[in-house]
Structure formats: C-alpha cells, structure tokens
Amino acid sequence: MASDPTSSAADVTSLPRAEFAFPGPLRDRLVAAILDGSKTATAALVAEYEHEGEPLPEVGGRSVVVDSDDRPVAVVEVTGVRVVPLARVDLAHAVDEGEGYTGVAEWRAGHERFWGSAQMRAALEDPDFVVDDTTPVVLERFRVVSRLRPAG
C-alpha cells in the first residue's frame, strides 16, 4: 500500500496512538508485520482499556502506529471489533495476527505469556493479574490506510 497523499503531519499528530506490545523486539516484529501486510488483527484485554480509561476501538476509527522509538510508521483503520472470552478466540483471528501462529492453543500460550508478564502486571498495576477462559479479550481487525515509512 502506498502512502496516502492526503495525509499530513498535522493529521497524524491529531490521531490516537496505536502501540503494539511494549517497546522492544516484540513491538518491532509486530510493526514490521503491519507494514508488510501480514498482520491485520490484534488482541488486547478489556482490562487494559479499563485501566487506561480508554474506550474500546470502534469500526472506522483511525490511529497512528508507533515503533519502538516512538516514531509514527503507519495509519490504520479499524475494520472490525469483537469482545469475546479468551476461550472463544478463533483460528482465523489467531492466524490474522501475523505472528506465525498455526493454532489457537499456540496463539493463546503466546498471549498468556505476554499478558502474565511482569511488564504487563506492572502496566496494569496488579502484581497478581492472570487470565483464564473467561477473561474478556478485544479482537480487533484493521487495515493500513497510509504508510509513513517504508516496510523493512
């Protein structure tokens, strides 16, 4: 996808930020997957939105994806949102996250490691935070509407 010539720096600064994971190697891999088109979905915990006092994403909403150095790299638009219990995440969503998952169990194990990490527990200010089958998960689909830097 080419850059949208109608996007300006002012447009980008007015958009909410989309931060995938925490800065570092995982974010770098996720941003690369967004830019190369292999990542068209993501998952977050309802608890994350509640902790930050942020509304859930809405179809049509746009945000600017930032990399580990806090630089804007793309503008994405939400194309779908579902909230489901963790046990109801489906294979299509797991695959569309673009992280190489070939099964839901593999997707869940990776996400449980992330959501149960010390970094996530600190971000949620809950040292005992754990997920289980009933934990509400926000499944979001998106498309890149503008690249702000080339893939790779």
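Predicted model: local features only at pLDDT ≥ 70, side-chain atom pairs only at ≥ 80, totals over all residues.
Residues are numbered from 1 along each chain as its sequence is written, and side-chain values use heavy atoms, with hydrogens and water left out.

**The nonpolar cores**

Select Leu86, Trp107, Trp115 and Val137 to begin. In the largest nonpolar core, which has 15 residues, these four touch the most other members. A nonpolar core is a set of buried Ala, Val, Leu, Ile, Met, Phe, Trp, Tyr and Cys residues joined through side-chain atoms within 4.5 Å; buried means under 20% relative accessible area, exposed over 50%, and partly exposed in between (1.4 Å probe, protein chains only). Two or more residues of this core come from each of strand E2 (41–45), helix H5 (104–115) and strand E5 (136–147). Helices (H or I, at least four residues) and strands (E, at least two) are DSSP runs, numbered from the N terminus.

Next, centre on Leu86. Beyond its neighbours within four places in sequence, Leu86 is in contact (heavy atoms within 4.5 Å) with residues including Trp107, Trp115, Val131 and Val137.

Another core, of 12 residues, lies apart from the largest one; Ala18, Leu30, Val65 and Val76 are among its members.

**Two loop residues**

Move to Asp70, in the loop between strand E3 (62–66) and strand E4 (72–85). Asp70 is not a glycine, yet has a positive phi of about 65°. Asp70 is partly exposed, at 43% relative accessible area.

Finally, select Glu125, in the loop between helix H6 (118–123) and E5. Glu125, also not a glycine, has a positive phi of about 55°, and is exposed at 63% relative accessibility.
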